[in-house]
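Work through the exercises below with the sequence and the model open. Each task is followed by a stepwise solution.

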Amino acid sequence: MTGGGRASARKKSKPPAKPRIAGGRLVDGITAQLREMILDHTIAPGTVLLQNEWSERLQVSRTPLREAFRILERDGLVRVSNGNRTIEVVHFASREHELRGLYEVREVLDGLAARLLANAGLQDETALELDSLLEEMDEAAQPFDSSRWFSAHMAFHVRIAESCGNSRLRQQLDLIRMTSLSLHAYLGELSSAGDRLADMLTTAAKQHHAIVAAIRSGNGDLAEMAACQHIRTVLDSDLIEGAAGLLKPSTD
């Protein structure tokens with residue numbers, strides 16, 4: 001694939017259907033569809049998303065489409081520039097050592113956020129949100145719905161960081177979102193691996209529940225240990241290597 005601001009999608013596919021609402025807001029359907037297409041590289045990194053083009057392709061008006069773009073920007077999937085006129089799909093860290101370095105930072109960030117939140121005390125509203133996200137991940141694991149699981153997974157880690165009370169740490173939310181989403185495509189590839197994916201999701205679920213339990217206990221040391229162990233599991237696996245392989249720019 002050649003470079004340039006308006007890179008074409010890596011995969012050739014038929015035009016996407018109009019987003020299904022499924023009881024939710026139209027903007028949620030648009031966001032979910034675009035997120036999935038970006039994460040599985042149907043829309044390649046570097047692609048410029050033109051509002052008139054995507055409004056026509058998705059058969060929606062520009063108002064919900066613009067809101068979807070803002071959500072994707074918050075998630076770290078697109079970059080907005082030129083007075084909000086240019087929306088470009090970001091390039092994830094595509095080299096293994098780059099992605100590994102980011103996860104090494106994540107280990108520190110997640111551990112600190114969990115410690116601070118445990119020490120400060122878990123507020124009822126945040127506890128309910130975390131419990132809801134745990135339930136969402138558990139339900140999306142059987143059978144595995146990658147888009148649903150990753151959306152809840154990212155929100156889970158972001159919510160802990162948002163609630164920890166450290167404004168400097170909250171400035172790193174984009175890093176947390178990007179690294180979490182970077183594994184999306186590779187876990188999707190593992191969906192055919194059956195038992196291996198199931199084992200990984202079971203381990204992740206146990207660790208997520210342990211993180212919340214430790215935070216709820218008010219034990220900062222235990223919360224930090226649980227959060228760090230979760231990221232260390234990723235670092236010690238082949239997930240980063242596999243994800244980096246899928247994220248390498250196309251040379252077509």
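Predicted model: local features only at pLDDT ≥ 70, side-chain atom pairs only at ≥ 80, totals over all residues.

**Exercise 1. The enclosed space**

Task: Divide the residues of the lining of the largest cavity into nonpolar, polar and charged.

Solution. 
- Step 1. Residues are numbered from 1 along each chain as its sequence is written, and side-chain values use heavy atoms, with hydrogens and water left out.
- Step 2. On a 1 Å grid over the protein atoms alone, a cavity is a set of points where a 1.4 Å probe fits but cannot get out; a pocket is an open set with protein on both sides within 12 Å along at least five of seven lines; lining residues have an atom within 4 Å of a point. Grid points are joined across faces, edges and corners, and a volume is the space filled by probe spheres set on the points.
- Step 3. List the lining: Leu 109, Asp 110, Ala 113, Ala 114, His 157, Ile 160, Ala 161, Leu 169, Ile 176, Ile 211 and Ala 227.
- Step 4. Assign elements. Helix H4 (96-120) and H6 each give two or more residues to this lining. H4 gives the most, with four. Helices (H or I, at least four residues) and strands (E, at least two) are DSSP runs, numbered from the N terminus.
- Step 5. The volume of the largest cavity is about 70 Å³. The whole structure has one cavity of 30 Å³ or more.

**Exercise 2. The open space**

Task: Which residues are closest to the centre of the largest pocket?

Solution. 
- Step 1. The volume of the largest pocket is about 530 Å³.
- Step 2. Its lining has 20 residues, and the closest to the centre are Asp 28, Ala 32, Arg 35, Ser 147 and Ser 151.
- Step 3. Helix H1 (26-39), helix H3 (62-74), helix H5 (124-140) and helix H6 (146-163) each supply two or more lining residues. H6 gives the most, with seven.
- Step 4. By class, the pocket lining has seven nonpolar, four polar and nine charged residues.

**Exercise 3. Helices and core**

Solution. 
- Step 1. H6 is largely enclosed by the rest of the structure, because 14 of its 18 residues are buried. Buried means under 20% relative accessible area, exposed over 50%, partly exposed in between (1.4 Å probe, protein chains only).
- Step 2. H6 reaches 26 Å from its first C-alpha to its last, close to the 26 Å expected at 1.5 Å a residue. The expected span is 1.5 Å times one less than the number of residues.
- Step 3. Turn to H1. It is mostly covered, with 10 of 14 residues buried. Among them are Val 27, Leu 34 and Arg 35.
- Step 4. Look at the largest nonpolar core. Of its 69 residues, Leu 34, Trp 149 and Ile 215 touch the most other members. H6 supplies the largest share, eight residues. A nonpolar core is a set of buried Ala, Val, Leu, Ile, Met, Phe, Trp, Tyr and Cys residues joined through side-chain atoms within 4.5 Å.
- Step 5. Beyond neighbours within four places in sequence, Leu 34 is in contact (heavy atoms within 4.5 Å) with Ile 43, Trp 54, Leu 58, Leu 65, Phe 69 and Leu 72.

**Exercise 4. Backbone checks**

Task: Where is Pro 143 placed, and is its peptide bond from Gln 142 cis or trans?

Solution. 
- Step 1. Pro 143 sits in the loop between H5 and H6.
- Step 2. The bond from Gln 142 to Pro 143 is cis, with omega near -10°.
- Step 3. Recall the background: most residues other than glycine have a negative phi, and most peptide bonds are trans.
- Step 4. Check phi. Gln 59 is not a glycine, yet its phi is positive, about 60°. Gln 59 lies in the loop between helix H2 (51-58) and H3.
- Step 5. Gln 59 counts as exposed because its relative accessible area is 52%.
- Step 6. His 41, which follows H1, has a positive phi near 70°. Gly 165, which follows H6, has a positive phi near 90°.

Key. Nonpolar A, V, L, I, M, F, W, Y, C, P; charged D, E, K, R; others polar.
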